[in-house]
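Here are my notes on the model, point by point. Please read them with the coordinates open.

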Amino acid sequence: MTASPLPTVLVVPTGIGCAIGGYAGDALPAARLLAAASGCLITHPNVMNGAALYWRDPRIHYVEGWGLDRFAAGALALRPVRCQRVGLLLDAGIEEELRLRHLQVADGCRATLGLEIGPVLSTDEPLEVALELGRSGASWGRLGRPDALLRAGERLREAGATAIAVVARFPEDPESEALAAYRGGSGVDALAGAEAVISHLLCDHLGIPCAHAPALSPLPLTPALDPRAAGEELGTTFLPCVLVGLSRAPDLVPWPAPVAPMAAASADPVLLRPEAIGAVVAPAGALGGAAVLACAERGVPVIAVANPCVLQVTAEALGLKVLPAASYAEAAGLLLALREGIAPAALQRPLAALAAR
Amino acid sequence: MRLQPLELRLPRGSGSLCAQVEQALAAYGRPLRWAITGVESPPGHSDAVATGTPTGTPTGTPIGVATLLIEAVVIADGPALSAAPSGAAARSA
């Protein structure tokens, strides 16, 4: 491979029941493939988080959804780092035994993976997370005490954390049909919407990498567990993948820089600038998110992958021009073509002749 | 400070979709997270255009204009949402 990397944004929206990516980090294989094809993949925690399962790839940049939207819109650049100091923010509403489990997971990541974790702080009030479904069927959520979340986040940043892993106590209904459906491989991740609100709010307020892991009681064993959901039921927490992801999450740099952008870029050669985005990959029925639309409006090629979900927000509905892909494998081929400067149309048949105007 | 969930119906205008959506949401607060979760084509589109009959279109929606369905969370000050500003039909989610 001689072509330079083609920075690519991968979006698999959380909480909309994507066949690939709607479960426990089950879009990771696709992300690994797209990272190999592009040489530089920027994606969000929903893609990378497999609870107890994770994968570290130096070509993949772990950027929370709020940061990803801002990067795609040209308002942030990304600065890769060797190591973040990950502060741990625990919801005061987590019961003591479950809290201890999370602390032991953090200790395990320090001892076994060598991650820099700490300090650990609790919110001064329970966060009061509530789950909701939008009319579309997508997962959303509410936070009763956003002020408590932000106060704790500020204290952690002041105490030296350069990234924050937040763990909030989520409501649970182990007998619900929705949960049974999710574990069986259908329906949407009911937690996803509230998770996104929590991490978006923290990133927006603090301007540092943040990600969320829900605190839930372990579920009883079921023989009907879909392989895509299995990662979430291997351990007692969802925290390991978040700590690993955040440990190398890039810094979020306001952009354009106060000095001339070109001067800033030359002074900081590792900076990943939004102008460098070469492609965005998203599910063909979920093209209405901020990151995808921002890229499309800047002329960045959009690769729309057939990945069924509860939404039908297609390129046709929005009037977008996209490169369709029947699979993430095909999307990888398109990325390679773009990276090598090969016109994707040359790979299709029929190929219409040029007409002189 | 509070988080306000919203569901908006927004007639699609020309130009940037991002700008249209964020401008509509700004009437309620600072957008934190949003997505277009549906697009409704104007009902009986070709007939409506041919006859000029605005049947079935939301109030104030020009004939032949699609409607964007938006789900969002905004950061708001003050009391919870009660009435929607004109131009975008909204309900508190």
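1. **Main core.** This is a predicted model. Its largest nonpolar core has 132 residues. Leu243(A) and Ile36(B) have the most contacts inside that core. Helix α7 of chain A, residues 192-206, gives the largest share, seven residues.

2. **Second core.** A separate core of five residues also exists. Among its members are Val253(A), Trp255(A), Ala257(A) and Leu271(A).

3. **Around Leu243(A).** Leaving aside residues up to four places away in sequence, Leu243(A) touches Val86(A), Val105(A), Ala106(A) and Cys109(A), and also Leu115(A), Ile117(A) and Ala165(A).

4. **The sheet.** Four strands of chain A form an open sheet in the order β6-β5-β9-β10, with parallel pairing. Its edges are β6 (117-122) and β10 (210-215), each pairing on one side only. From one strand to the next, the twist averages 20 degrees.

5. **Inside the sheet.** In chain A, β5 (residues 86-90) and β9 (residues 163-169) pair in the parallel sense over five bridges. Leu90(A) stands opposite Val167(A) in β9(A). Helix α8 of chain A, residues 239-247, packs on the sheet and touches β5, β6, β9 and β10. The direction of α8 makes about 160 degrees with that of β9(A).

6. **Cysteines.** How many disulfides does the structure hold? Zero, over all chains. Take Cys203(A): the nearest cysteine sulfur is that of Cys210(A), 4.1 Å away. A disulfide needs the sulfur atoms within 2.5 Å, so 4.1 Å is too far for a bond. Cys203(A) is buried, with a relative accessible area of 1%. Cys210(A) is buried, also with a value of 1%.

Notes: Residues numbered from 1 in each chain as written. Chains lettered and ligands numbered in written order. Predicted model: local features only at pLDDT ≥ 70, side-chain atom pairs only at ≥ 80, totals over all residues. Heavy atoms only, no water. Core = buried A, V, L, I, M, F, W, Y, C linked by side-chain atoms within 4.5 Å. Buried < 20%, exposed > 50% of the residue type's maximum accessible area, 1.4 Å probe, protein only. Helix = DSSP H or I, 4+ residues; strand = E, 2+ residues; numbered from the N terminus. Contact = heavy atoms within 4.5 Å. Pairing = 2+ DSSP bridges. Axes fitted to C-alpha atoms, helices over the stretch in contact; angles between N-to-C directions.
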